[in-house]
Amino acid sequence: MTNSAATLLNVVKSYSASDVMSYTADQKAHAKQNSPPGDEANRREQAAVIVIDSTMTPLEAAKVLWSKNIMGAPVYDAKTKTYVGMFDVRDILSCVTAAHREFLAMGGNHRKPGEDTRLPSEVEAHHKTQSELMAKALQNIKINSHNPASSPGAVTVSYLAARNPMVPSNSKDESLLEICKVLQNRHKHRVPITDTSSDSPVCTGIISQSGLVAFIASKCPAGTLEEKMVDAGLNYKKDVVKIADEASAADAFELLDSKRLSGIAVVDEDGKLIGNTSARDIKNAVCDAGKTGMDTDIISYLAQVRQSQIVKNDRYPTCHVHEDATVGHVVNLLAKTGYHRVFVVDEEKKPVGVVSFADIIKFMLEKGE
């Protein structure tokens, strides 16, 4: 047992699922512009569960999530009165990469440094082709399509359910400890809270890994998480998923999709951490609609699409800590940024490990007693 893990576990044992749901709703309500403190109507609005209609296209579903600044939501089939799975914005990556592969298969490519500049008419036609393929990949497949689709990267119900199945029902009175036991799995990003009092269960809330860690961080007394990671037994040394800064955006997104991640480290020729991708970059890539070539190097690509999709209060910090960081620093950084992982670097700023939301939860459960 370590002090930091014990502190985290004591917090978890003192609360239930409903406490996290209330905290998350309050945070969203306070973050909403021009929302007066104590506005109960606004609080109820923020607490409402976002549900994706199974007849929506992937792009329509993604836009719903982005409008609410959330990463995933349950998909509901009104005909069968069942939840068919969880839609995650990361699923849209399959469509983005499929559009680029189809573009290349048609003989398309962007000019590389040193090659002749395209004529304006050529550029316009090129962008139109990319945009049309992107739109095709995003729009032509329904989420609840039961038949295999011929288009690459199609998101069908079976595909969605296999990647993001709904976990067993949990009630709002469930202990937070039981919720943590589910969310310690890195592939379980969120747990649905369900009301099973009627014949048709209703999802009344969602607890995500990020929301859970933010709640726990808010309840820990000041100065109680001052152990260094290595002293506390927080296992951060593991293989870091990274990509070279000269790699193309297409390669980076293919890697993200294959690993089911939203964030990977970007390193320079010396192996030093110089950036990272985030979930917002998936949104930016879709909104860019092929105007920026995905064979552009990842650093240049991110700079262009982030600049073209500027949103107030958006920040893209390189989320990293050094090996001597305290548990409290890591937990608070995760809670503050909302990033799903913090990269750990050595004195030369080379990635030597990573700490995710799931790692924090697992650390608490294994080292807290």
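Strand E10 (341–345), strand E11 (351–356) and helix H15 each contribute at least two residues to the lining of the second largest pocket. The model is a predicted one, and the pocket in question has a volume of about 410 Å³. Its lining counts 25 residues, of which Arg186, Leu261, Arg341, Ser356 and Asp359 are the closest to the pocket centre. H15 provides the largest share of the lining, four residues. Sorted by class, the lining holds nine nonpolar, eight polar and eight charged residues.

**Overall composition**

The protein chain contains 15 helices and eleven strands. Of its 369 residues, 48% are buried. Among contacts in the chain with a separation of 6 or more, 63% join residues 24 or more positions apart.

**Helices H1 and H9**

Helix H1 spans residues 3–13, and eight of its eleven residues are buried, so the rest of the structure largely encloses it. The buried set consists of Ser4, Ala5, Ala6, Thr7, Leu8, Leu9, Val11 and Val12. The elements covering these residues include helix H8 (176–183), helix H9 (209–219), helix H14 (327–337) and helix H15 (357–367).

Within H1, Ser4 has 0% relative accessibility and so counts as buried, the limit being under 20%. Beyond its neighbours within four places in sequence, Ser4 is in contact with Thr224, Leu225, Glu226, Glu227, Val327 and Phe363.

H9 is also largely enclosed by the rest of the structure, because eight of its eleven residues are buried. The residues concerned are Gln209, Gly211, Leu212, Val213, Ala214, Phe215, Ile216 and Ala217.

**Nonpolar cores**

The largest nonpolar core has 45 residues, and those touching the most other members are Leu212, Ile216, Met229 and Met364. Leu212 and Ile216 are also among the buried residues of H9. Not counting residues up to four places away in sequence, Met364 touches Ala5, Leu8, Leu9, Val12, Cys180 and Ile216. Of these, Ala5, Leu8, Leu9 and Val12 are listed among the buried residues of H1. Another core, of 35 residues, lies apart from the largest one and includes Leu59, Ala73, Ala252 and Ile282.

**Cysteines and positive phi values**

The disulfide count is zero. Cys203 is buried, at 7% relative accessibility, and Cys319 is buried with a relative accessible area of 3%.

Lys81 and Arg260 are residues other than glycine with a positive phi. For Lys81 the angle is near 55°, and for Arg260 about 60°. Lys81 sits in the loop between strand E2 (72–77) and strand E3 (82–88), whereas Arg260 is in the loop between helix H11 (249–259) and strand E7 (265–267). Lys81 counts as exposed, while Arg260 counts as buried. The value for Arg260 is 19%, and the limit for buried is under 20%.

The relative accessibilities of individual residues are collected below.

| Residue | Relative accessibility | Class |
|---|---|---|
| Ser4 | 0% | buried |
| Cys319 | 3% | buried |
| Cys203 | 7% | buried |
| Arg260 | 19% | buried |
| Lys81 | 53% | exposed |

How values were computed. Residues are numbered from 1 along each chain as its sequence is written. This is a predicted model: local features need pLDDT of at least 70, side-chain atom pairs count only at pLDDT 80 or more; totals for chains, interfaces and linings use all residues. Side-chain values use heavy atoms; hydrogens and water are left out. Buried means under 20% relative accessible area, exposed over 50%, partly exposed in between (1.4 Å probe, protein chains only). Contact means heavy atoms within 4.5 Å. On a 1 Å grid over the protein atoms alone, a cavity is a set of points where a 1.4 Å probe fits but cannot get out, and a pocket is an open set with protein on both sides within 12 Å along at least five of seven lines; lining residues have an atom within 4 Å of a point. Grid points are joined across faces, edges and corners, and a volume is the space filled by probe spheres set on the points. Ala, Val, Leu, Ile, Met, Phe, Trp, Tyr, Cys and Pro count as nonpolar, Asp, Glu, Lys and Arg as charged, and the others, Gly among them, as polar. A disulfide is a pair of cysteine sulfur atoms within 2.5 Å. A nonpolar core is a set of buried Ala, Val, Leu, Ile, Met, Phe, Trp, Tyr and Cys residues joined through side-chain atoms within 4.5 Å.
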